[in-house]
Amino acid sequence: MEPTLVDAELHRRLVYGDESALGEAYAAYGGLVRRVALRVTRSQAAAEDVAQEVFAHLWSRPYAFDARRGSLRTWLSMLAHRRAVDWVRSEARHRKDARADDSALHAIPDSGPGPDETVVDRERALLLHSALAELPLPQREVVHLAYFAGRTYRQAAVELGIPEGTAKTRLRSALRKLAESLADPPDPALERGA
Amino acid sequence: MSGEHEAVRDLLAAWAVGALTPADERTVPRHLAACESCAAEAERLRETVRLLDGPRATPSGPTTGPTTGPVNGAGTGRAARGTRDKAPAGRGRPTGEDGPDGRSAGPDGAAGLPPALLAAARRARPAAPRVAAHAAPYAAAVAGLGALLRELDVPGRWSTPVVHDWDVQDTVAHLIAADEPLARLLGLVPRVPRPGGAEKAGWEAAWAARTAEVIAHQRARPPAETVAVWSAQAAALLAAPEAADAGRAGHATTLMGVRLPVADHFVVRAFEAWIHTDDIGRALGLAVPPPPEPHLWQLVRLAVRILGRALGPTAAPVLFAPAGGGSDAQWVLGSEDEPVAAELVLDPVDFCLLIGGRYAPGEVPRGAVGDAAAVTAVLERAASLAWL
């Protein structure tokens with residue numbers, strides 16, 4: 001079956017309350033969703049929570065996904081990324097609060113930088129992932145397929161139904177924008193987690 | 001060289017995230033070794049990706065093990081992608097896990113879900129209840145309308161005009177009234193007061209009056225309450241013993257002018273719920289999928305029986321073959337004593353919409369051969385059933 005038909009059929013069963021369709025969606029995309037969430041949150045537990053949120057959302061609001069406008073793979077990947085960025089921002093807020101509270105200074109070790117990662121890198125990574133989440137949809141889709149889902153630009157073009165050259169251009173514009181976001185001074189709104 | 005320069009420059013982002021094709025894997029590094037400006041750009045993009053990646057030790061990352069490549073895809077991804085591109089054309093699926101395969105995950109696919117996820121999903125939205133085959137289309141249709149109504153949490157959306165002079169809330173209120181005769185038959189108490197007292201003569205008048213009554217009653221209430229009343233009545237119908245056991249749903253009863261076994265009245269309820277869900281979806285600009293395949297054919301079979309009855313035994317016989325139904329889903333409508341005058345093919349969803357009064361007989365897409373008048377008679381009769 002064509003991938004879009006597979007998505008449409010899965011969506012049909014989700015809409016009509018068939019729980020086994022959720023099981024199939026999880027079997028197909030659970031790994032990708034957890035991987036995306038883990039890359040942003042750096043926390044296994046948080047990644048599991050994000051995955052749970054993402055699939056519960058797919059189940060409880062099946063009409064939020066529209067098979068005519070994109071693949072389920074990309075949609076889930078983007079939703080996972082967005083939720084993971086939100087998780088990190090809210091975590092950062094909590095840490096600030098905790099710091100103000102002093103006694104709970106190291107209350108949330110889980111999201112702290114790993115041994116291989118400096119605090120500065122961790123902050124720059126969050127900045128980048130926040131910028132990624134704000135990319136225009138057409139660019140974001142290509143990044144998700146090529147970067148998170150491990151597609152070549154050629155496969156991404158096929159999956160999105162766009163010319164190969166367009167996929168390359170979008171990927172390039174996206175990555176340049178992300179690189180520039182590092183050069184720019186951090187957006188205070190993002191820092192606040194707004 | 002400048003042609004290669006342009007080509008490689010366009011590929012640098014794909015290179016940085018490890019999304020090159022195997023052929024590009026050779027040209028890009030060769031050019032980078034010779035071109036300073038490309039090498040600088042490549043380094044900048046790769047550094048960006050390195051930060052996105054985070055530290056190497058991601059416990060369940062897509063690629064593991066030490067590699068010589070400096071970052072994520074550009075190093076470890078290369079080998080993997082080399083094999084991916086050898087996959088059959090049009091299928092960019094590297095592993096069994098990462099992609100749908102259209103196969104069923106078994107009778108209880110939800111069993112593959114982590115328990116916490118399954119619990120969270122069920123808290124957010126219950127699954128369609130398990131009922132006997134005759135009630136399954138209704139259980140699914142109720143779940144489907146429930147899912148659609150969740151999209152109305154935007155201010156003003158409830159007052160979107162749907163059909164007749166009904167908005168979304170009125171349409172749900174109508175379904176409360178429409179499900180009521182079956183609910184009463186099964187001994188359930190009406191959820192909206194019946195002040196009318198005297199029954200109207202004839203089911204159509206009574207039905208229209210009851211719809212008007214329920215709509216007027218519900219208009220004074222918040223839409224969420226209307227949904228709750230509809231949903232509670234539907235749940236009660238599906239919890240009735242007649243929904244669980246075909247043996248208890250075999251006796252024929254006349255409801256809304258049609259004499260059918262109770263089991264088929266459940267299918268009629270599914271039909272109506274789906275038609276109105278489709279109405280609401282169109283009004284909101286959301287594509288409502290057709291009922292699941294087995295349910296769709298249950299609707300088609302029932303509609304064919306009712307249409308055949310309405311045409312009567314003397315109508316010019318037409319072979320009706322809904323598309324995709326196979327040889328056991330073809331029926332001769334009309335007289336059995338004459339040779340078939342025409343053949344008619346309709347998409348099963350279009351046929352259901354025609355039966356539901358959502359297509360004019362002249363407008364439904366069709367394939368027809370033979371006596372055009374006989375075909376027209378069937379289409380017109382189907383559209384005029386107006387039973388929903």
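This is a predicted model: local features need pLDDT of at least 70, side-chain atom pairs count only at pLDDT 80 or more; totals for chains, interfaces and linings use all residues.
Chains are lettered from A in the order in which they are written, and residues are numbered from 1 along each chain. Local features need pLDDT of at least 70, and side-chain atom pairs count only at pLDDT 80 or more, while totals for chains use all residues.

Begin with chain A. Select helix α7 (residues 153-160) and helix α8 (residues 164-183) of chain A; helices are DSSP runs of H or I, at least four residues. Their axes, lines fitted to C-alpha atoms over the stretch in contact, come within 8 Å and cross at roughly 110°. That makes α7(A) roughly perpendicular to α8(A), a term for angles of 65 to 115 degrees.

Next, show Y153(A), R154(A), A156(A), A157(A) and L160(A) in α7(A), which meet E164(A), T166(A), A167(A), K168(A) and L171(A) in α8(A). Residues are in contact if their C-beta atoms, placed from the backbone, lie within 7 Å. Six residues of this contact are nonpolar, one is polar and three are charged.

Now move to chain B and select helix α13 (residues 348-355). Its buried residues (20 or more other C-beta atoms within 10 Å of their own) are P348(B), F351(B), C352(B), L354(B) and I355(B). Seen down the axis of α13(B), these fall within an arc of 160°, so they line one face of the helix.

Last, select G357(B), which follows α13(B) and has a positive phi, near 80°.

Conventions. Axes are lines fitted to C-alpha atoms, for helices over the stretch in contact, and angles run from 0 to 180 degrees between N-to-C directions. Helices (H or I, at least four residues) and strands (E, at least two) are DSSP runs, numbered from the N terminus. Angles under 35 degrees count as roughly parallel, over 145 as roughly antiparallel, 65 to 115 as roughly perpendicular and the rest as oblique. Two residues are in contact if their C-beta atoms, placed from the backbone, lie within 7 Å. Ala, Val, Leu, Ile, Met, Phe, Trp, Tyr, Cys and Pro count as nonpolar, Asp, Glu, Lys and Arg as charged, and the others, Gly among them, as polar. A residue is buried if 20 or more other C-beta atoms lie within 10 Å of its own, exposed if 12 or fewer, and partly exposed in between; C-beta atoms are placed from the backbone. The arc is that of the directions from the helix axis to the C-beta atoms.
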